[in-house]
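This report describes the fold of one protein chain and then turns to selected residues within it. Please consult the sequence and the structure alongside the text.

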Amino acid sequence: MYTNAEITLYNGRYNPDTKKQEYRRTQIRGIYWYTEQKTNIGDKGLVSADLYKIRIPADAVVQGGRKYIDAMKYRILTADEVYGYWTINNGDLFVRGVIYDDIEKLSDLTLKYANVGRVNSFSDNRQGLNPHIRVGGAS
């Protein structure tokens, strides 16, 4: 698979102790990134948004050698166990490039970086000739 970028993914996870949504960062190198800008004219004028199509090959280099795990399994891991894994789920956040920021909300990224999005769809396509995880998102 042709790769052209790096990504930092933020997995959202509810912390029952703090009763807040927390985000855990994972950097992934060797991914495919495509941006398509969509525009629409509505009652309030021109509206535009970036749509992102991301493919994460099975052989991508993941921070700390973390392993991909299904979102349902990730959700039940303890706070100590999550450090060995990463996942994709609707609502997770991502930014193009390798960044080191810890965040609490989406605006922590959008105020600082250009290519930021929220996961809207994903599929595990790790079978076949071109194994990868497909991620669709929008700004």
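The model is a predicted one.

## Overall fold

In sequence order, the elements of the protein chain follow the pattern β-β-β-β-β-α-β-β-α-β-β. The radius of gyration of the protein chain is 15 Å, close to the 14 Å that the globule rule gives for 139 residues, and the chain is therefore as compact as a globular protein of that length. The C-alpha trace of the protein chain spans about 50 × 45 × 25 Å along its principal axes.

Of the 139 residues in the protein chain, 37% count as buried. Where contacts in the protein chain join residues at least 6 apart in sequence, 56% of them link residues at least 24 apart. As for charge, the protein chain carries 20 positive and 16 negative side chains, and the centres of the two sets lie 2 Å apart.

## Aromatic pairs

How many aromatic pairs does a search of the whole structure find? The search finds five aromatic pairs. One of them is formed by Tyr 52 and Phe 94, which are arranged edge-to-face, with 5.5 Å centre to centre and 85° between the planes. Tyr 52 lies in strand 3 (residues 45–57) and Phe 94 in strand 7 (residues 93–96), so the pair ties together parts that are 42 residues apart in sequence.

Are the two partners buried or exposed? Tyr 52 is buried, at a relative accessible area of 2%, and Phe 94 is buried as well, at 1%. Ring pairs also bring in Trp 33, which is linked with Tyr 52 and Phe 94 into a cluster.

Asn 40 is placed in strand 2. Its relative accessible area is 52%, and Asn 40 counts as exposed because the cut-off for that class is over 50%. Not counting residues up to four places away in sequence, Asn 40 touches Gly 45, Leu 46 and Val 47. The C-alpha atoms of Asn 40 and Arg 29 are separated by 33 Å, although these residues are 11 apart along the chain.

Leu 51 is found in strand 3 and is partly exposed, with a relative accessible area of 31%. Its contacts, again not counting residues up to four places away in sequence, are with Tyr 34, Thr 35, Glu 36, Lys 38, Gly 137 and Ala 138. Between Leu 51 and Lys 38 there are 7.1 Å from C-alpha to C-alpha, at a sequence separation of 13 residues.

## Residues in loops

Lys 19 belongs to the loop between strand 1 (5–15) and strand 2 (20–42). Most residues other than glycine have a negative phi. The phi of Lys 19, in contrast, is near 60°, a positive value in a residue other than glycine. Lys 19 counts as exposed, at 61% relative accessibility.

Gly 91 lies in the loop between strand 6 (85–86) and strand 7. At 25% relative accessibility, Gly 91 counts as partly exposed. Leaving aside its neighbours within four places in sequence, Gly 91 is in contact with Arg 118 and Val 119.

Ala 114 occupies the loop between helix 2 (107–110) and strand 8 (116–125). This residue is exposed, with a relative accessible area of 71%.

| Residue pair | Separation in sequence | C-alpha to C-alpha distance |
|---|---|---|
| Gly 91 and Glu 36 | 55 residues | 19 Å |
| Ala 114 and Glu 36 | 78 residues | 14 Å |

Technical notes:
Residues are numbered from 1 along each chain as its sequence is written. This is a predicted model: local features need pLDDT of at least 70, side-chain atom pairs count only at pLDDT 80 or more; totals for chains, interfaces and linings use all residues. Side-chain values use heavy atoms; hydrogens and water are left out. Helices (H or I, at least four residues) and strands (E, at least two) are DSSP runs, numbered from the N terminus. The radius of gyration is taken over C-alpha atoms; the globule rule is 2.2 Å times the number of residues to the power 0.38. Buried means under 20% relative accessible area, exposed over 50%, partly exposed in between (1.4 Å probe, protein chains only). Contact means heavy atoms within 4.5 Å. Lys and Arg count as positive and Asp and Glu as negative; His and the chain ends are not counted. The place of a charge is taken as NZ of Lys, CZ of Arg, CG of Asp or CD of Glu. Rings of Phe, Tyr and Trp (its six-membered ring) pair if their centres lie within 6.5 Å; planes under 30 degrees apart count as stacked, over 60 as edge-to-face and the rest as tilted.
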